[in-house]
Amino acid sequence: MELKCLIVDDEVLAQDVIEKYISNIPTLKLVGKCDSAVEAISFLHNNPVDLLFLDLNMPELSGLDMLKTLTKPPKVILTTAYSEYALESYEYGVVDYLLKPIKLERFIKAVNKVVEQFNIPDESDENNAKQQPQSIFIKEDHVIYQVNLNDILFVEAYGNYLKVHTKEKVYVTRDKLYEMEKKLFKELFLRVHKSFIISLSKIESVSGNRVYIHKTEIPVGEMYKLGLKQKIEK
């Protein structure tokens, strides 16, 4: 999946920051940059766009006023230096609201929300097949990796960081376990301990209060026992 992105911002420096972030994420493809909402409306009439990075405060026409003119807007992530419009903006179905200066970690989190929405099952689909996100983005040091969910064995809390274990590599990223839990598809992953989320398909065996994955012994907390039992006895 490749999402076509449009940046709408009257500040060149702000455009440059978002363009740089987009270039680091393989799923995103920048298809245009507009200096005003009026220019963006014209661009949208002639070009397919999946995701709009939209500044709120622009001359002639504000970002929110622009949204009012669109009958079928793309997914929208608002970018602004002002927080007072956050509540109002969600009335227009925006995915997220980023405050400038935008941090890369917060940008990635917003993009992950968009990716999840593009993978929502289509109820009109003839077979109503279950669809799910295929990957997530993980930042380690100054590099962003796209990690296939099927490659993840388990996730381990590590102080203010997480260790995302795959067969090939262990990614160490600054994140919280409860935040990672939101990103992982619930049919594939399960939290079994205050410090561990496991991939259900990677379980090799279960013995007492222990789960074994790829020769690693993982504890199962008392409050998570029932959930694990229900999953493996389906």
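Leu3 stands opposite Leu28 in β2, where strands are DSSP runs of E with at least two residues, numbered from the N terminus. Strand β1 (residues 3–8) pairs with β2 in the parallel sense over six bridges, and two strands pair if DSSP finds at least two bridges between them. This is a predicted model, in which local features need pLDDT of at least 70 and side-chain atom pairs count only at pLDDT 80 or more, while totals for chains, interfaces and linings use all residues. Residues are numbered from 1 along each chain as its sequence is written, and side-chain values use heavy atoms, with hydrogens and water left out.

**The sheet**
- Five strands form an open sheet in the order β2-β1-β3-β4-β5, with parallel pairing.
- Because β2 (28–34) and β5 (96–99) stand at the edges with a single partner strand each, one side of each is left without a neighbour in the sheet.

**Asn148**
- Asn148 is found in strand β7 (residues 143–148), and it counts as partly exposed because its relative accessibility is 35%, the partly exposed range lying between buried (under 20%) and exposed (over 50%), with a 1.4 Å probe and protein chains only.
- Leaving aside neighbours within four places in sequence, Asn148 is in contact with Gln134 and Ser135, contact meaning heavy atoms within 4.5 Å.
- Although Asn148 and Ser135 are 13 residues apart in sequence, they are 4.2 Å apart in space, C-alpha to C-alpha.

**The whole chain**
- Of the 234 residues of the protein chain, 44% count as buried.

Note on methods: Helix = DSSP H or I, 4+ residues; strand = E, 2+ residues; numbered from the N terminus.
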